[in-house]
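Hi,

Here's the structure I promised to pass on.

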Amino acid sequence: MTRKFLVVSLLFSVFLMNFSGVSFATASETEEGKEDPTGFIMHHIKDSHEWHFVTVGHTHITLPLPVITYASNRGLEFYNSSDFQNPKTHKFSKEFAHNGIYIDNHDHLGRVDGGSIIDFSITKNVVMMFLVIAFVLYISISAARHYQKNGAVAPKGVASFVEPIVIFVRDEIALKSIGPKYKKFVPYLLTLFFFIWTGNLLGLLPGAANLTGNIAVTFTLAMLTFVVVNVNGKKDYWKHVFATPGVPAALLPIMVAVEFIGLFTKPFALMVRLFVAITAGHIVILSFIALVFIFESYSIGILSTIMVASINIIELLVATIQAYVFTLFSAMYIGGAVTEHQQDDHH
Amino acid sequence: MDLIIPSAGLIFWQLFGFLSLLFLLVKFAWKPMLATLAEREANIDGALKSAEQARNEMANLKSENEKLLQEARLERDIILKKAQEASLKMIEDSKLEASKQGAQLILSAKAVIETEKKAALTEVKNQVALLTLEVTEKLLRKKLSDDKAQIELVDQFIKDLKLN
């Protein structure tokens with residue numbers, strides 16, 4: 001079983017290497033004509049207006065994505081990402097401005113006249129997000145359907161995969177961290193866990209987008225937790241922040257400031273932790289792949305393939321741990337906000 | 001697109017996407033699922049409890065059976081003992097009776113024998129007396145055929161009489 005798994009992941013990483021290798025080859029064509037290994041890594045990690053899958057020879061196989069812009073004097077506008085790029089090299093540049101709008105070589109959207117414009121494009125990460133959502137919806141609803149069809153019976157099929165996770169999140173995360181009022185928050189925590197976990201795992205597929213390693217995504221998730229925590233904050237929670245019990249009056253201004261900042265550092269930590277863990281993992285994997293193209297040697301190739309395979313296994317673990325940690329910390333912050341008794345043991 | 005600056009567009013889509021996912025999942029997945037899980041757990045709890053109850057009842061029944069069995073055993077023992085005693089007594093009684101009867105039989109046999117013996121003896125005595133008489137008669141007839149002998153005998157008798 002383990003051997004099979006190793007073989008599969010080795011093949012997988014070779015596959016990944018091929019994909020990333022070709023994108024590396026394209027990214028290396030920098031202006032100076034020098035090789036730029038960080039280029040393709042950053043290209044993979046960041047969001048993009050088109051989904052680049054593979055380059056065969058000089059043909060880029062990409063999925064052009066819709067570009068949606070909003071400017072106060074122009075309103076909503078819809079374009080195709082291929083409108084803004086070199087049709088051959090698929091490079092975005094100011095030269096290929098279309099209708100007064102351009103996408104520069106760093107994938108930034110701008111207006112030729114320098115006016116402000118907001119980019120609501122369906123980027124690679126947005127597409128990835130919808131794929132993740134579709135996947136989560138599919139498995140969760142088919143699991144729920146099993147019970148709707150068969151009543152309260154033992155799980156089977158997808159349900160037997162989803163159910164232990166649901167029970168784990170409910171009993172080990174929500175109940176333990178929130179306490180008796182956990183029931184209300186279980187659906188949110190479940191959604192959080194499944195979204196992040198699926199995003200992490202699908203992000204490890206070759207050619208996939210680095211969704212959960214994108215700061216905007218983690219920012220949104222952390223912000224939602226922040227909202228859930230503070231909307232449900234009980235009297236004791238706010239008292240703890242603005243009139244910290246057991247603190248001398250003279251120290252209170254400092255404590256209140258610290259506690260107030262603490263309100264924001266919690267979601268900030270959530271945001272940064274997930275972003276860093278996932279992005280770092282991708283960078284490490286891609287760096288090992290980049291070594292092959294820098295050294296152009298078979299021995300390095302074999303070595304880095306092995307390294308990529310092992311790091312991929314670690315990343316599978318990290319994907320799960322980070323989803324768990326994000327959910328757990330969200331639950332703990334919620335627990336801190338909804339518990340009615342004093343919590344002096346926090347400091 | 002920047003690495004560490006969140007882009008407004010993606011935040012918008014992420015918010016939209018995640019909230020719709022949350023809504024759909026809560027409505028179509030988590031609520032029915034959590035309800036079913038709770039129901040099933042309640043069922044399992046109930047089943048476990050009733051199993052426990054059944055087990056207790058079984059144990060009770062078993063102990064009751066055991067008690068009954070014990071009682072039956074005791075009763076059986078008592079009955080057996082009684083029967084044994086009765087049979088022993090019967091044997092004893094019959095033995096006693098037999099010996100008594102035997103003794104009586106012996107006694108009556110002895111009496112019969114005695115009477116028989118007496119009768120036989122009397123018979124023998126009578127026979128002897130008769131025989132003696134006959135012999136005597138014969139002898140006397142022979143002896144008294146002559147007078148001298150008759151006189152001698154009379155004399156003898158007289159002698160004897162005198163002596164008496």
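**Two loop residues in chain A**

A:Asp107 sits in the loop that links strand E5 (101-103) to strand E6 (109-111) of chain A. Helices (H or I, at least four residues) and strands (E, at least two) are DSSP runs, numbered from the N terminus. Before going on: this is a predicted model, so local features need pLDDT of at least 70 and side-chain atom pairs count only at pLDDT 80 or more, while totals for chains, interfaces and linings use all residues. Residues are numbered from 1 along each chain as its sequence is written, and chains are lettered from A and ligands numbered from 1 in the order in which they are written.

Back to A:Asp107: its phi is near 70°, a positive value in a residue other than glycine. Most residues other than glycine have a negative phi. Is A:Asp107 buried or exposed? A:Asp107 is buried, because 21 other C-beta atoms lie within 10 Å. The cut-offs: buried takes 20 or more other C-beta atoms within 10 Å of the residue's own, exposed 12 or fewer, and partly exposed is in between, with C-beta atoms placed from the backbone.

A:Glu296 also has a positive phi, near 45°, and isn't glycine either. You'll find A:Glu296 in the loop between helix H8 (252-295) and helix H9 (298-338) of chain A. A:Glu296 counts as exposed, because it has 9 C-beta neighbours inside 10 Å.

**A helix pair in chain A**

Helix H3 (residues 124-150) and helix H5 (residues 186-203) of chain A have axes that come within 9 Å and cross at roughly 120°. Axes here are lines fitted to C-alpha atoms, for helices over the stretch in contact, and angles run from 0 to 180 degrees between N-to-C directions. So H3(A) is oblique to H5(A) (under 35 degrees is roughly parallel, over 145 roughly antiparallel, 65 to 115 roughly perpendicular, and the rest oblique). Among the residues making the contact are A:Phe135 of H3(A) and A:Phe194 of H5(A); contact means C-beta atoms, placed from the backbone, within 7 Å.

**Chain B**

Chain B has 2 helices and 0 strands. Its C-alpha atoms fill a box of roughly 200 × 30 × 25 Å, taken along the principal axes. Of its 164 residues, 9% count as buried.

How many residues of chain B are in contact with chain A? There are 32, and they meet 41 residues of chain A.

Cheers

Notes. Two residues are in contact if their C-beta atoms, placed from the backbone, lie within 7 Å.
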